[in-house]
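Here is a short tour for anyone who likes to read a structure with the viewer open. Please take a look at how the chains meet before going on.

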Amino acid sequence: MSSEVRFVDFKSDKQPTWCPGCGDFGTMNGMMKALAETGNSPDDTFVVAGIGCSGKIGTYMHSYALHGVHGRALPVGIGVKMANPELEVMVAGGDGDGYSIGAGHFVHAVRRNVDMTYVVMDNRIYGLTKGQASPTSREDFETSTSPDGTNMPPVNPLALALASGATFIAQSFSSDSKRHTEIVKQAVEHDGFGFVNVYSPCVTFNDVDTYDYFRDALVDLDEADHDPTDADQAKDVILNGDKEYQGVIYQNENSVPFEEQEGIDEPMTTVPDGAPDGATDLVREFY
Amino acid sequence: MPDDLNWAIGGEAGDGIDSTGKIFAQALSRAGRHVFTSKDFASRIRGGYTAYKVRTSVDRVESVVDRLDILIALTERTIDENMDELHEGSVIIYDGERTSMQDVEIPDGMIGLDVPLKSLAEEAGGGIMRNIVALGAACEVTNFPIENLDASLEKRFSDKGTAIVENNKESARLGQEYVQENFDHDFEYDLETTDNDYVLLNGDEAIGMGAIAAGCKFYSGYPITPATDVMEYLTGRIDQFGGKVVQAEDELSAINMALGAARAGARAMTATSGPGIDLMTETFGLVATSETPLVICDVMRSGPSTGMPTKQEQGDLNMLLYGGHGEIPRFVVGPTNVSECFWKTVEAFNLAEKYQTPVFLVADLSLAVTEQTFSPETFDMDEVEIDRGKVVDESEIESWQDEQGRFQPHFPTADGISPRTFPGTEDGAHMTTGLEHDSLGRRTEDTDVRIEQVDKRERKVQTAREEEDWEPREFGDPDADTLVLSWGSNEGPMREALEFLEEDGLDVRFISVPYLFPRPDLSEPIENAETTIVVECNATGQFADIIEHDVLERVERINKYNGVRFKADELAEEIKATVSPQAEVEQ
């Protein structure tokens, strides 16, 4: 679309109610910049959000948007994109929305590889309900509902994506604005399902996975001689439990979006005033 | 000689019962005879008793009856299962060479035709065609011109090559000749043919065809008996009209995909059965409160839980009327016969878009799997009208913006219906949410706005009540003292029951109600009747309950919940017994 679109055009006039210092501010800014820098406009963009702190993003951004039910944002995004492939579709959610209640949809959305972007604000905690364990919480993480830790290993969303046949897997850190924006931008530009897990710290309820922790632990794959088109290298990075990475971990350059494979090439929005031409042939089939 | 013939083929699931039955039904339809089919089936790919039944007449047939004239029995159990319907003179065609059928005993008074189905089929090219041999035998017994069967075989097998078609035709002839030569019996049947053109289709297919006619372009679903046929019908066909079927990972996803497509501006639909409706109920409230037009089809089967997946029941009414937390505006439309499955689907799409409200399209298993003949004009595509409601494009968008230039998707208009604009429309960007929201679609907990939005959504239903036609369908004698009410597939057997009742001197007024919500005001006919009877396939009388609630008067109930649809003759007896219980006792 027009190159005059600026990232603030994607900003609504509603002030976020996230806690001061919340990682979601940075995550959202990067999303808006990525959309603007890839030439999209609010009128051609559809944002789908789930439930949780992350779900509020539809309100704070300006575009066509639906704030849906908990865990089901991805199927909505798939429906939007298939019905109108001309739209830019971005789905946002949190670790609870995407990897707990919506885990089933995550696996299948990855497999389906519809051309859209999925940004998960992963803070490893349930923030909106005031601090319970999330699927990405550490095994020994103590919360109001897990006083002795979760006693379960955290979900590795990157591994889940890889095992589900992902064509684009990336991870970013909300406070590294430049890299986060670049990475989301690459996800938007990817021909297929662009998945970005964003470390988006919760300053109120998670005192373990903090800004300081991520700053110290993060290895940038841009500086690590990593080839994202090499599935084996991607696998090594994803299964290495000792380090946290940011960057594009895997990208299948031969990816063909699902809707393209299915032959959908124009919006399904037009309906004639009566039955479509050729409908009578359907009746004849029953002779 | 009876006017109608009742024919069946039965055996094990996997014996090709369905396709054989369909071939015979199609042959009859092509010969200008009316057909009404039903299936006794198990949801197993192999194993378990299954049967395909055909009732045929030159006159319209609307129901199954409790009588079976000709039975092709591939297993002994098939005979046992149908003992109640078989009668003196019934013909049973079976293959005595089959190990399991060697000791079969034909009940007294019935005519057993031992035809070496498999051997004859092998003679014609392969044992797999044994059912076709049986069809040929049936043609001889019924004096039905076998050329009609040829046409049906061509339709069924043409894509497999001429050799296969010819072998099948030969199989049928061998069966016919075998009966001719080996049984010296003058069968009383004579299936005359007419020049009438008929199409033969079931309720699921009619729903699918209705969806395409209505301009539906997006269908997402998860396979479930007995709604899968809708999805299978649309797959491939909807593509020819610019649409797509998506098989979702579950029903939660299916309804959310459809919701997304509808918000993008497509006419969208999903179809499922009770267990799927349970899951979809999660998102149903969001569909309504985000004011998204969506058609959700429920093809009911026996519940609760997994229930009896391949059996008839109308047990979901309460869920469709009241399901979901909070108060959710909705429409519930229930076609009452196979052709109405088509028309009510078209109507459901118009209602959904005009009122930006979810519509439950409720059918039942009997409608879904019944194949019935109609004149092709019944589905006159020129009669299909589309109303997309208040869709706003670029040129009108300004008049629906607030003073700050923001589009208002939930603007509280006088009729409750807000403007709707599709993504991609310039200056139309807006959000909506399952949270209570203001006219901009943004979250609010403001008490006044809450009331404004709840009232606005309810006002749409009120507008629809006033603007739309919610008339029921009426049959029988309008002045009769006895009034029968029903919904769904009971219309067919009830219409035929009227004829039985008339013969017995009982006049009945019958109102078949296709609109469950909003529904017609039935207080006048109920007041005028001495006895009102509500007929439905469930145990508790869900429709009867809401009728009593509407008119504040008690009604009589006839309920059937053994998994089998009503039969016309059985229903007539039940109505007689309800009207004069004493007479029944004296019998």
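This is a predicted model: local features need pLDDT of at least 70, side-chain atom pairs count only at pLDDT 80 or more; totals for chains, interfaces and linings use all residues.

**Where the chains meet**

The contact draws 61 residues from chain B and 47 residues from chain A. On the side of chain B that touches chain A, several elements each supply at least two residues, among them strand S7 (199–202), helix H7 (203–213), strand S8 (216–221) and helix H10 (274–289). Strand S9 (244–247), helix H9 (251–263) and strand S15 (431–433) of chain B are also in that group. Of these, H9(B) gives the largest share, 9 residues. Sorted by class, this side of chain B looks as follows.

| Class | Side of chain B that touches chain A |
|---|---|
| Nonpolar | 28 residues |
| Polar | 18 residues |

**A strand pairing across the chains**

S15(B) also pairs with strand S2 (residues 64–67) of chain A, in the parallel sense and over 3 bridges.

**A loop residue in chain A**

Now turn to Leu128(A), which sits in the loop between strand S4 (116–122) and helix H6 (157–163) of chain A. Why is Leu128(A) classed as partly exposed? Leu128(A) has 15 other C-beta atoms within 10 Å, and partly exposed covers the range between 12 or fewer (exposed) and 20 or more (buried). Setting aside residues up to four places away in sequence, Leu128(A) touches Gly52(A) and Cys53(A). Trp18(A) is 110 residues apart from Leu128(A) along the chain, and their C-alpha atoms are separated by 9.5 Å.

Key
Residues are numbered from 1 along each chain as its sequence is written. Chains are lettered from A and ligands numbered from 1 in the order in which they are written. Two residues are in contact if their C-beta atoms, placed from the backbone, lie within 7 Å. Helices (H or I, at least four residues) and strands (E, at least two) are DSSP runs, numbered from the N terminus. Ala, Val, Leu, Ile, Met, Phe, Trp, Tyr, Cys and Pro count as nonpolar, Asp, Glu, Lys and Arg as charged, and the others, Gly among them, as polar. Two strands pair if DSSP finds at least two bridges between them.
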